[in-house]
Amino acid sequence: MSAAAATPRAATAGRIVGEVAGGFGDIGLLAPLAVALITLNHLNATVVLAGAGLFYIATALTYRLPVPVQPLKAVSAIAIASGLGASAIGAAGLMIGAVFVLLSVTGLATWLQRVFVKPVVRGIQLGIGLLLALAAVGMLARPAQLTVADGPLVSVGVVLAVAIGLTVAFCLLAFNRAGLPGGALLLLGAGAALGLAVGVHPVVDVALGPAPLILRLPSAFDFASAFWLLVVPQVGLSIGNSLVATAATARRYFGEAARGVTTRRLALTMGLANLAVSPLGGMPMCHGAGGMTAHVKTGARTGLGTGVFGAVLVVLGVALGGTAPAVVGVLPPAVLGGFLLYVGLQHVTLAADLRGWMEISVAAVVAVIAVVTGNISLGVVAGLGVCWLVSLWRSRRAAPPAPPAR
């Protein structure tokens, strides 16, 4: 074979490898939240993994571009921080799925986009980041997660756990900057080995097979409590990030090739996916601008890589879903806390593009109230109220002075 003939084949092979590697580019966000929701909130591992995988495959076939699949960040952060069960999370997923199908069919997403302005969305993201960071600190400080002796004045295990968590978060940040898609998998593998070596969990017998699929419809109480606690903050965040920002990011990277990535189509695929997985104990999911950047920056240019990643998730969910909670339980909370701390820090930095005292103040109000009360919806209402007051104040300042009385 001539060198000229070999060169195009080598280039094609290189592109395929780059595509597949780019398909795993967003695992640094998906993996820690999926693991936490399976371990801490007792979601069905098979539906979480296989559901995300099927959504990735459907998204790749629909858009032919590396459109990401991510956990719903507000729902996941609040559920993890509050220890909510699968029923409340399922109720939130069903309501959010119905809302976004409705937004797609009616075109209401455009109107709501004007309501959830950027400072409010950034405040939601900031609040999510802080809630995740607080949850991570709680996991790092959990006693008796490592089999080490404690000293007379300090818990050696807690100190070591904090060091491990900070190291994991730092490594994830470094991997992200270097564009290494396999970094999160490497750290999860190292964390599992650490858990087997010095963790308090026994060695797990891995058995093949999926977790049982059980259809559970949430109660009226689940729907009522999930609406204000989970749905309201997530809708505003998802309209800004999952729909508007994702469509804009696709156009930025792919130009005319991204003409099919519209807010209405994104709302429809996201809504249908949540309606499908939520009654079975799956993970509420969305799209996301940051996830698309992660895929593109690590090599993905079409839907090939994300489709392969989806197929891997389906195989893992079906083959190991039955023992996934026990297998994941080998991970020391320190490692999981490091992942959550990384995700939290990533969300906090999203507020760096705010400009001016008004935008910063609105975002701060949303985040502070969300963290203090544990309810992001209250922060959203307060932030929208501040926006209204500022708008009223500006309109009065801009109004021409009244003519003098005669």
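Hi everyone, thanks for having me. First, some ground rules. The model is predicted, so to speak of a local feature we need pLDDT of at least 70, and side-chain atom pairs count only at pLDDT 80 or more, while totals for chains, interfaces and linings use all residues. Residues are numbered from 1 along each chain as its sequence is written, and side-chain values use heavy atoms, with hydrogens and water left out.

Let's begin with helix 3. Two packed helices are described by the angle between their axes and the distance between the axes. The axes are lines fitted to C-alpha atoms, for helices over the stretch in contact, and the angles run from 0 to 180 degrees between N-to-C directions.

So which way does helix 3 run relative to helix 13? Helix 3 covers residues 45–63 and helix 13 covers residues 304–320; their axes come within 7 Å and cross at roughly 155°. That makes helix 3 roughly antiparallel to helix 13. The cut-offs are these: under 35 degrees is roughly parallel, over 145 roughly antiparallel, 65 to 115 roughly perpendicular, and the rest oblique. Their crossing is left-handed, meaning that the near helix is turned anticlockwise from the far one by less than a right angle; clockwise would be right-handed.

Who takes part in this contact? On helix 3, the residues include Leu 49, Gly 53 and Ile 57, and on helix 13 they include Phe 309, Gly 310 and Leu 313. Contact here means heavy atoms within 4.5 Å. By class, the contact has 12 nonpolar, 6 polar and no charged residues. For the classes, Ala, Val, Leu, Ile, Met, Phe, Trp, Tyr, Cys and Pro count as nonpolar, Asp, Glu, Lys and Arg as charged, and the others, Gly among them, as polar.

Helix 3 also packs with helix 11, residues 263–277, at an angle of about 155°, with the axes 11 Å apart. Helix 3 and helix 11 are therefore roughly antiparallel to each other, and their crossing is right-handed. Among the residues in contact are Val 47 and Phe 55 of helix 3, and Leu 266 and Met 270 of helix 11. This contact has 7 nonpolar, 3 polar and 1 charged residues.

Now look at the loops on either side. Most residues other than glycine have a negative phi. His 42 is not a glycine, yet its phi is positive, about 60°. You will find His 42 in the loop between helix 2 (27–39) and helix 3. Is His 42 buried or exposed? Its relative accessibility is 62%, so His 42 counts as exposed. The cut-offs on relative accessible area are under 20% for buried, over 50% for exposed, and in between for partly exposed, with a 1.4 Å probe and protein chains only.

Arg 64 sits in the loop between helix 3 and strand 1 (70–71). Its phi is positive too, near 60°, and at 57% relative accessibility Arg 64 counts as exposed.

Next comes helix 4, residues 73–82, where 8 of the 10 residues are buried. Among them are Lys 73, Ser 76 and Ile 80. Gly 83 follows helix 4 and has a positive phi, near 65°.

On to helix 7, residues 118–140. Its 23 residues reach 33 Å from first C-alpha to last, close to the 33 Å expected at 1.5 Å a residue; that expected span is 1.5 Å times one less than the number of residues. Because 18 of those 23 residues are buried, helix 7 is largely enclosed by the rest of the structure.

Helix 7 meets helix 10 (residues 220–254), with axes that come within 9 Å and cross at roughly 115°. The crossing is left-handed. Val 121, Ile 124, Gln 125 and Ile 128 in helix 7 meet Pro 233, Gly 236, Leu 237 and Asn 241 in helix 10.

Last stop: Val 362, in helix 16. Val 362 is buried, with a relative accessible area of 0%. Leaving out residues up to four places away in sequence, Val 362 touches Pro 119, Val 120, Gly 383, Val 386 and Cys 387.

How values were computed
Helices (H or I, at least four residues) and strands (E, at least two) are DSSP runs, numbered from the N terminus.
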